[in-house]
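Student: I would like to learn how to read salt bridges and a nonpolar core in a protein model. Could we work through them slowly?

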Amino acid sequence: LLELAKADAIESSHKNCQLQAVLAELQSQFFDRKLNLRYENMPEYVLAIAPEVLAMVLYNLLENSIQHQAGQVDIIAVRRGNNIELQLHDNGTGVSLANQDKIFTPFFTTRRNTGGTGLGLAITVSLLKAYQGTVELQPSGSGALFLITLNLAE
C-alpha cells in the first residue's frame, strides 16, 4: 500500500533516461532468473522519464512475465511523433479473457496464494501517469503483450 501511495503522489522530475541503458540493467537482473530480454537494434532513444521510474515500470511488467511462466520477452520501440511506443511481448501463459479488463485494478491478482498483492500493475499505471505515459494490454495470440507510451526527451 505504501508503494502504491508513493506512486500516486510522485511528481515528475525533469530527469531523462536512455532506454538502452535501463534495458541493459534489467537484462542482467532478469538473466539470473531465467528471463531473456530480446531488444536487438534498439535505437538510442532518450525518454522524458527518470531512469529509476522507468526501471520500476519495466521491472513490474517483467516480474509478471516470470510469474506467468515466461522465459523470454521481446521488446520493440517504435517512434510515433514525439512519443515512443514500447511493446513488451512475453511467451508466458498470457492473460485470460475474463481477467483482461481487471488487471490494472488495485488488489486484483490471480496469484494471491503465492504472495501476489495485485498492486504491481496499479503502481505501474500511477508511475507512468506522473510522466504523461500510459500502459495498455494489447491483444495477442500467445503470451501477454503490453504497450507503454512515453514522451521522448526534448
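Tutor: Let us begin with Asp-74, which counts as partly exposed because its relative accessibility is 26%; buried means under 20% relative accessible area, exposed over 50%, and partly exposed in between, with a 1.4 Å probe and protein chains only. Keep in mind that this is a predicted model, in which local features need pLDDT of at least 70 and side-chain atom pairs count only at pLDDT 80 or more, while totals for chains, interfaces and linings use all residues. Residues are numbered from 1 along each chain as its sequence is written, and side-chain values use heavy atoms, with hydrogens and water left out.

Student: With which residue does Asp-74 meet in a salt bridge?

Tutor: A salt bridge is a side-chain nitrogen of Lys or Arg within 4 Å of a carboxyl oxygen of Asp or Glu. Here the partner of Asp-74 is Arg-38, at 2.7 Å from N to O. This pair links distant parts of the chain, since Arg-38 is in strand β2 and Asp-74 in strand β4, 36 residues apart; helices (H or I, at least four residues) and strands (E, at least two) are DSSP runs, numbered from the N terminus.

Student: How many salt bridges does the structure hold?

Tutor: The structure holds four, and one of them joins Arg-33 to Glu-63, with the closest N and O atoms 2.7 Å apart. Arg-33 lies in the loop between α2 and β2 and Glu-63 in helix α3, so the pair ties together parts that are 30 residues apart in sequence.

Student: Is Glu-63 buried or exposed?

Tutor: Glu-63 is buried, because its relative accessible area is 16%, whereas Arg-33 counts as partly exposed at 36%.

Student: Which residues have the most contacts inside the largest nonpolar core?

Tutor: A nonpolar core is a set of buried Ala, Val, Leu, Ile, Met, Phe, Trp, Tyr and Cys residues joined through side-chain atoms within 4.5 Å. The largest one here has 43 residues, and Leu-47 and Ile-148 have the most contacts inside it. Helix α3 gives the most to this core, with seven residues.

Student: What does Leu-47 touch?

Tutor: Contact means heavy atoms within 4.5 Å. Not counting residues up to four places away in sequence, Leu-47 touches several residues, among them Cys-17, Ile-84 and Ala-153. Cys-17 has its place in strand β1 and counts as buried, because its relative accessibility is 5%. Although Cys-17 and Ala-153 are 136 residues apart along the chain, their C-alpha atoms are separated by 8.3 Å.
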